[in-house]
Structures are given as structure tokens and as C-alpha cells.
Amino acid sequence: MLTALLRSLRTGVVTIRYPEAPARVPERFRGAPRPRAGAPFDLLPPAAVCPSGAYAGEPGSARRAIDLARCIGCGRCAEGDAGAAVELGREVELAARSRAALVVELERGADGRIVPLPPPPPPAQVAERIRRTLGRSLHLRHLDAGSCNACDWELTALLNPVYDVRRLGVDFVASPRHADGVVVTGPVTRNLEAAVRRTWEAVPEPRVVIAVGACASSGGIVGRSYASAGGVGEVLPVDVFVPGCPPRPEALVYGILVAVGRLRAEPPGGGAARAGGAGA
């Protein structure tokens, strides 16, 4: 026991200060794609460059779009000639209250350069009701609907001493009847579609649904088929989408706090807007 205490004193505090302090990501971190400032519109990559269908519109059209919910972070859109118009950002705070808010619309400006269009306003959500009811406490039931387990590993990291999501009043429970909402990973496989609905129905109201990762947000590279219903939004009313393949733990913390109304989501790339801090 004494040895363990001495080791802890030598190690010191390892828990990060996020969200009170900005997220610190590794140098090699690949964030979401974004248009380079002042880049010519005609240099945007064709839709075929993306293996998950995150790009919409063909060369020659006056409008294009980047769907961050479908992006798997492969970086192909920012390589070679395409890299002249697209770069990979370093933001992790990309969670959005609506699926449409993760679609970055682009159009050709009068000077032939890329002009990002403003995102649509967020729809009315359950977050304010959740915040008034639960305050600083939030219990979540993790539901794997058919993931590759990458997002599941990042969720597991939230409980370790480095991220320690319990310090924010957030915890994961074994039963949906003890939960305030569900965190869903993976595309919803047909075999689990009924189980996903029944799990959500077992959560007492008011309840939140958080879709974690590209697959849960949009169907990802799996898409919709005879074996997959697609993203969680095809089955449940999603309150917050957290894009990424997989999203970093800081991105998950941000998405959870957005869902419970303790942080206010901003358009992708705009950073987090603190609404009274994480303890508000």
C-alpha cells in the first residue's frame, strides 16, 4: 500500500484539464477536412476520391459539399493535387445537434474561389430539459449496434485516469433503466435494429441519444444495405452527432456536454463556445 502511494505521489496528476483548458492533440492527428482559405473552387477534389462518399457534387458544378459525418479521416482528399484546395484540420470539437449541421456547403465565389456557406440553424432539442432535470449528473448506457470497436475503445478511455469523465458527473451504467440516455456506436445492423429500439425505449424520459463516430452518424463506409440500416438517425431521434473514425476522447467529452446542454455547439471549425464553462 505504501509503495502504491509513493508511486502515485511521484507520478502526480495525469488527468487532463479539458474542457476547462483547450484540447491538446498529437502532431500527427488528422482532423476533419476543410477548404483552404482562398483556394480556387475548381481545385476541389472529385467525389470519387472519397471512399465513404463524404464529398458531393462533381467538377464543373457551382456548389459542392463535404459531409463530415461520413468522413473517415483517410486524408485522400488532401493529398496530391487535391491538397491545393483541401487541408485536414486539427479541431476535435465537431459534435453537432443536427445531421445537416455536419454538412459543409461550398460554392464558387465571384472571384472563382471557395466560399463556405453558413450552416442551418440547429433544431429544437431535448438538451435544455435534460439540463434542468439532471443538472450536473448524466448516466449513459453504451450500445454497440455493429461497430468495428474503434469507437468503443475511445469510450473506454473516458473512464481511465487521463480523461476521467466521472469528474464531470458523467458515468456509464449497465442497464438502460438506470440511464439518462444512450451512446450508440457503429452502423445499426439489421440484426440489432429491434434491440436498439427496445434499449432506447427502456430509458426513462427525458432521454438523450448520442451517435458516436462516422458509422453511427451516417452509416460511414458501410452505408445502408440489406445488412445495415445505416446511421443511428435512421432508427432513433439523435440529439447529438459526434463525427470521427474514431473520434478522440476529447471529442466525446465535448459531444456529451453538448448533449446535456452544458456546452453550446458551434459550426464545424468554429471551436467550442463555452456556456458558463463545463460546470455550468
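These legends cover close-up views of a predicted model.

Residues are numbered from 1 along each chain as its sequence is written. Local features need pLDDT of at least 70 and side-chain atom pairs pLDDT 80 or more, totals for chains, interfaces and linings use all residues, and side-chain values use heavy atoms, without hydrogens and water.

**View 1. Confidence along the chain.** Mean pLDDT (the predictor's confidence in each residue, from 0 to 100) is 85 for the chain, with 86% of residues at 70 or more. Helix α3 (residues 150-157) scores highest, at 96, and strand β13 (residues 273-274) lowest, at a mean of 44. Helices (H or I, at least four residues) and strands (E, at least two) are DSSP runs, numbered from the N terminus.

**View 2. The stretch 270-280.** Here pLDDT is below 50. The model still gives this stretch 26 contacts (heavy atoms within 4.5 Å) beyond near neighbours in sequence.

**View 3. The largest nonpolar core.** This core has 39 residues. A nonpolar core is a set of buried (under 20% relative accessible area, 1.4 Å probe, protein chains only) Ala, Val, Leu, Ile, Met, Phe, Trp, Tyr and Cys residues joined through side-chain atoms within 4.5 Å. Y55, V209 and V232 have the most contacts inside it. Elements giving two or more residues are β5 (103-108), β9 (181-185), α4 (193-202) and β10 (208-212).

**View 4. A second core.** This separate core has 31 residues, including L155, V208, V253 and L257.

**View 5. Arginines over rings.** The charged end of R207 sits over the ring of W200, 3.9 Å from its centre. That of R248 sits over F29, at 5.9 Å. The rule takes NZ of Lys or CZ of Arg within 6 Å of the ring centre and within 35 degrees of the ring normal.

Terms used:
Buried means under 20% relative accessible area, exposed over 50%, partly exposed in between (1.4 Å probe, protein chains only).
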